[in-house]
Amino acid sequence: MNEISNKSNHNSQLSTPNSQLKNNSQLKISDLSEADRPREKLRDRGTEALSDAELLAILIGSGSTSESAVALMQRILSACDNNLNTLGKRSLHELMQYKGIGEAKAITIIAACELGKRRQAAKAAERPDMGSAQAVYEYMHPKMQDLDTEEAWVLLMNQRFRLIKAVRLSHGGLTETAVDVRVILREALLANATTLTLIHNHPSGNARPSGDDDRITHKLKTACDAMRLYLIDHLIVTDGNYYSYAEEGKI
């Protein structure tokens with residue numbers, strides 16, 4: 001009778017809710033809510049929302065049978081006093097002493113730390129200055145000189161007229177191309193640009209603007225003003241010449 005009672009007590013302990021809960025370190029990343037998974041967090045909230053361990057967990061991809069990739073990297077970082085510089089000094093052999101870190105993962109961690117060092121040592125890339133019509137023409141002419149159809153581009157810049165990126169808006173026919181003002185505004189806002197220049201080419205070689213060119217310039221200028229963006233120019237490019245609305249005092 002006592003033996004049966006002991007078995008019953010033992011079984012009831014196994015069936016308690018606490019015995020069925022996973023320890024946090026044993027949770028797989030796939031067990032976490034989507035908002036707590038490192039890749040999804042980076043996608044939805046940016047790199048700043050992730051801890052060092054979460055960023056490293058993305059690189060190694062998986063942990064071990066006993067802990068998640070995040071928990072594994074938390075343990076390794078803890079042994080390095082939570083200092084990435086200290087982690088970067090760990091050798092391949094030292095990293096492979098941790099359960100869950102094989103050669104491939106150790107190499108990945110070392111490579112990531114080395115890239116961090118090289119980025120710190122590298123100079124920031126100098127953005128081209130697009131503050132003049134001539135500078136815009138020299139930048140865009142190689143892209144447009146051999147086109148036999150019209151294309152529209154927008155150069156997105158910061159407040160110092162330094163180029164953030166160039167975006168091709170459309171590729172059209174022989175005499176016109178569509179320009180969607182909403183697309184331009186969206187691209188500018190996504191890039192955190194404050195100033196922009198619209199560019200399109202005239203395959204005919206005639207750089208003079210058409211009535212449609214005037215209308216799209218006015219429409220875009222009005223939209224930019226409403227969004228507190230600065231349209232500094234609209235350039236029409238041909239092979240060897242250009243027309244600048246800013247230089248002509250039409251913007």
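Guide: The discussion below concerns a predicted model, and each topic is followed by its case here.

Visitor: Let us begin with aromatic rings. How many aromatic pairs does a search of the whole structure find?

Guide: A pair of aromatic rings is described by the distance of the centres and the angle of the planes. In this model the search of the whole structure gives two aromatic pairs. In one of them, the ring centres of Tyr137 and Tyr242 are 5.2 Å apart and the planes stand at 35 degrees, so this pair is tilted.

Visitor: Which parts of the structure does the pair of Tyr137 and Tyr242 tie together?

Guide: Tyr137 belongs to helix 9 (residues 133–144) and Tyr242 to strand 5 (residues 241–244), so the pair ties together parts that are 105 residues apart in sequence. Tyr137 is buried at 10% relative accessibility, and Tyr242 is buried at 18%. Tyr243 and Tyr245 form an aromatic pair as well, with 5.4 Å from centre to centre and 85 degrees between the planes, which is an edge-to-face arrangement.

Visitor: Are Tyr243 and Tyr245 buried or exposed?

Guide: Tyr243 is buried, with a relative accessible area of 4%. Tyr245 is also buried, its value being 1%.

Visitor: A ring may also be considered together with a charge. Which residue has its charged end over the ring of Tyr139?

Guide: That residue is Lys143, whose charged end sits 4.2 Å from the centre of the Tyr139 ring.

Visitor: I turn now to salt bridges. How many does the count come to?

Guide: A salt bridge is identified from the distance between a side-chain nitrogen of Lys or Arg and a carboxyl oxygen of Asp or Glu, which must be within 4 Å. The count here comes to twelve salt bridges. One of them joins Glu67 and Arg75, with the closest N and O atoms 2.5 Å apart. Glu67 is buried, with a relative accessible area of 10%, whereas Arg75 is partly exposed at 34%.

Visitor: What is the N to O distance in the salt bridge of Arg182 and Asp180?

Guide: The side chains of Arg182 and Asp180 meet at 3.2 Å, N to O. Arg182 is exposed, with a relative accessible area of 65%, and Asp180 is partly exposed at 32%.

Visitor: Where do Asp212 and Arg215 lie?

Guide: Both are in helix 11 (residues 211–226), three residues apart, which is about one turn of the helix. Asp212 and Arg215 form a salt bridge whose closest N and O atoms are 2.5 Å apart. Asp212 is partly exposed, with a relative accessible area of 44%, while Arg215 is exposed at 54%.

Visitor: Cysteines come next. How many disulfides does a search of the whole structure find?

Guide: The search finds zero disulfides. Cys113 is buried, with a relative accessible area of 15%. Cys224 is buried too, with a value of 0%.

Visitor: Which residues form a nonpolar patch on the surface?

Guide: The patch is formed by Leu92, Met96, Ile107 and Ile110, which together have about 290 Å² of accessible area. Of these, Ile110 is placed in helix 8 (residues 103–121). Ile110 is partly exposed, with a relative accessible area of 32%.

Visitor: Where is Asp81 placed, and is Asn82 buried or exposed?

Guide: Asp81 is in the loop between helix 5 (69–79) and helix 6 (84–88), and Asn82 is also in the loop between helix 5 and helix 6. Asp81 is exposed, with a relative accessible area of 65%. Asn82 is exposed as well, at 57%.

Key
Residues are numbered from 1 along each chain as its sequence is written. This is a predicted model: local features need pLDDT of at least 70, side-chain atom pairs count only at pLDDT 80 or more; totals for chains, interfaces and linings use all residues. Side-chain values use heavy atoms; hydrogens and water are left out. Patches are made of residues with over 30% relative accessible area and no salt bridge: like charges are joined within 9 Å, nonpolar side chains (Val, Leu, Ile, Met, Phe, Trp, Tyr) within 5 Å. Accessible areas come from the Shrake-Rupley method with a 1.4 Å probe; for residues, only the protein chains shown count as cover. Helices (H or I, at least four residues) and strands (E, at least two) are DSSP runs, numbered from the N terminus. Buried means under 20% relative accessible area, exposed over 50%, partly exposed in between (1.4 Å probe, protein chains only). A disulfide is a pair of cysteine sulfur atoms within 2.5 Å. Rings of Phe, Tyr and Trp (its six-membered ring) pair if their centres lie within 6.5 Å; planes under 30 degrees apart count as stacked, over 60 as edge-to-face and the rest as tilted. A charge sits over a ring if NZ of Lys or CZ of Arg is within 6 Å of the ring centre and within 35 degrees of the ring normal.
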